[in-house]
Amino acid sequence: MPHDHHDHLSPSGHPYRADDDTPLSYWQTMEIAVRELLVEKDITTAEEINAQIDAMDARSPAIGAAVVARAWCDPEFKIRLLADASAASREMGFDIGPMHLIALENTANTHNIVVCTLCSCYPRNLLGLPPDWYKSRAYRSRAVVEPRKVLSEFGLTLPDEMQVRVHDSTADMRYIVVPAQPEGSFGQTEEELAAWITRDSMIGVGLPQAPQ
Amino acid sequence: MGTPALANEPLAVGTSVRIRTLMPPGHVRAPVYLRGKTGTIERAIAPFKNPEQLAYGLPAKEHMLYRVRFRAGDVWDKNAENPDDMIEAEIYAHWIEKMDQSHAA
Amino acid sequence: MDTQTDGRRWHDMGGQDAGPICDAQHDFSFWEKRVDALMVLCSGKGYFTVDGLRRVLEDMGEEAFETMSYYERWIASINQNLIESGAYTTEELAAQMAEVKARGATYGDASLGK
């Protein structure tokens with residue numbers, strides 16, 4: 001008999017989650033079995049796994065936006081960010097773990113875009129999990145050879161006089177683009193500015209947007 | 001032809017380098033589209049353990065990791081959208097050959 | 001790899017022809033977040049490295065990339081790495097998977113709602 005997920009609790013006493021209703025797949029079976037074996041063997045615990053899920057859930061583009069907004073407001077911080085983005089992020093109190101981060105500054109002459117052609121390396125400890133398109137064959141193949149065409153598909157056309165720099169995240173570094181502060185945003189507070197800074201602008205496929 | 005980048009002689013920023021054209025199987029992090037291409041050292045990052053060994057759970061030596069900057073025109077020839085655009089990638093020292101520096105821009 | 005290959009591996013995609021970039025993205029389901037967590041925790045505990053994760057993903061081949069979702073490939077790779085490092089045996093995994101499957105037809109049932 002199907003469970004009614006709106007008023008029924010699981011055997012453990014927790015409410016069912018939306019995806020609990022999905023037909024069990026081979027790989028989901030493996031995930032459950034692997035996780036249970038690891039707990040049984042005291043390699044990890046359910047609490048540790050849940051804490052890691054929560055830690056990853058807490059990471060989102062809002063974290064990166066806060067870092068960029070501070071760089072827009074505080075020129076000394078921006079210098080530190082460009083010199084050592086890991087240290088600057090930690091200075092703001094963000095736990096980025098062991099991640100090695102490099103900040104890339106967009107200027108009037110230069111636009112930066114980040115890709116991982118070999119897999120899907122992404123500054124996840126700052127921005128959260130990457131979007132599906134970043135991990136796709138099309139983005140990984142095309143961003144290094146036709147970045148301007150890729151950008152136009154994202155709605156961004158750059159003048160010929162600007163130099164595009166494509167950064168292929170091939171090894172231990174992770175990258176965040178520091179977009180140029182848009183004209184209409186000057187004079188706003190750091191908190192107000194953070195709302196302008198989108199995930200896509202920190203990957204380099206878009207520009208900051210005035211909040212709706 | 002260049003000489004391989006030596007572990008104990010970090011390459012200076014601006015050094016003209018070429019990525020080696022080796023084609024091994026296995027887990028390597030020098031993308032094929034950059035092999036054989038000439039660029040310059042953008043910075044020496046730090047020594048890191050060789051991922052080609054770590055991938056198999058084997059003991060791994062540290063190699064200096066560099067960021068290498070390439071002109072799009074030098075990588076893609078006439079297929080480059082804008083030959084003066086740049087591609088920058090992290091390459092481990094053992095994939096790098098130091099060029100005769102008369103090639104430096 | 002076909003016999004006429006020049007040695008470029010399938011995952012080395014830079015500069016290859018490809019179609020339009022699809023803007024689709026999905027919210028990560030709970031089981032996917034669990035897979036992600038297992039990767040971070042087990043690699044942090046030294047059972048394997050992110051390099052080992054990648055190596056297995058690459059060795060799984062292009063068809064896996066085309067037919068399996070991102071986290072399906074990740075759990076397959078995490079498992080392979082854990083087997084190789086001796087965290088558990090194939091026999092133990094087989095028995096556990098059978099027990100899990102017997103609990104019911106949905107993820108919620110099979111994971112005991114936990």
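Leaving aside neighbours within four places in sequence, which residues is Phe48(B) in contact with? In this predicted model, the partners come from two chains: Ala171(A) and Asp172(A) on chain A, and Glu62(B), His63(B) and Leu65(B) on chain B. Phe48(B) itself sits in strand S3 of chain B, which spans residues 38–49. Asp100(B) lies 52 residues from Phe48(B) along the chain. The C-alpha atoms of Phe48(B) and Asp100(B) are separated by 26 Å.

Chain C touches both other chains. Its contact with chain A takes 54 residues from chain C and 52 residues from chain A. On the chain C side, helices H1 (30–44), H4, H5 (90–101) and H6 (107–110) each give two or more residues. H1(C) gives the most, with 10 residues. By class, this side of chain C has 28 nonpolar, 14 polar and 12 charged residues.

The contact between chains C and B takes 15 residues from chain C and 10 residues from chain B. Two helices of chain C, H2 (50–59) and H4 (70–85), each give two or more residues to the side that touches chain B. H2(C) supplies the largest share, 5 residues. The side of chain C that touches chain B divides into 1 nonpolar, 6 polar and 8 charged residues.

Methods. Residues are numbered from 1 along each chain as its sequence is written. Chains are lettered from A and ligands numbered from 1 in the order in which they are written. This is a predicted model: local features need pLDDT of at least 70, side-chain atom pairs count only at pLDDT 80 or more; totals for chains, interfaces and linings use all residues. Two residues are in contact if their C-beta atoms, placed from the backbone, lie within 7 Å. Helices (H or I, at least four residues) and strands (E, at least two) are DSSP runs, numbered from the N terminus. Ala, Val, Leu, Ile, Met, Phe, Trp, Tyr, Cys and Pro count as nonpolar, Asp, Glu, Lys and Arg as charged, and the others, Gly among them, as polar.
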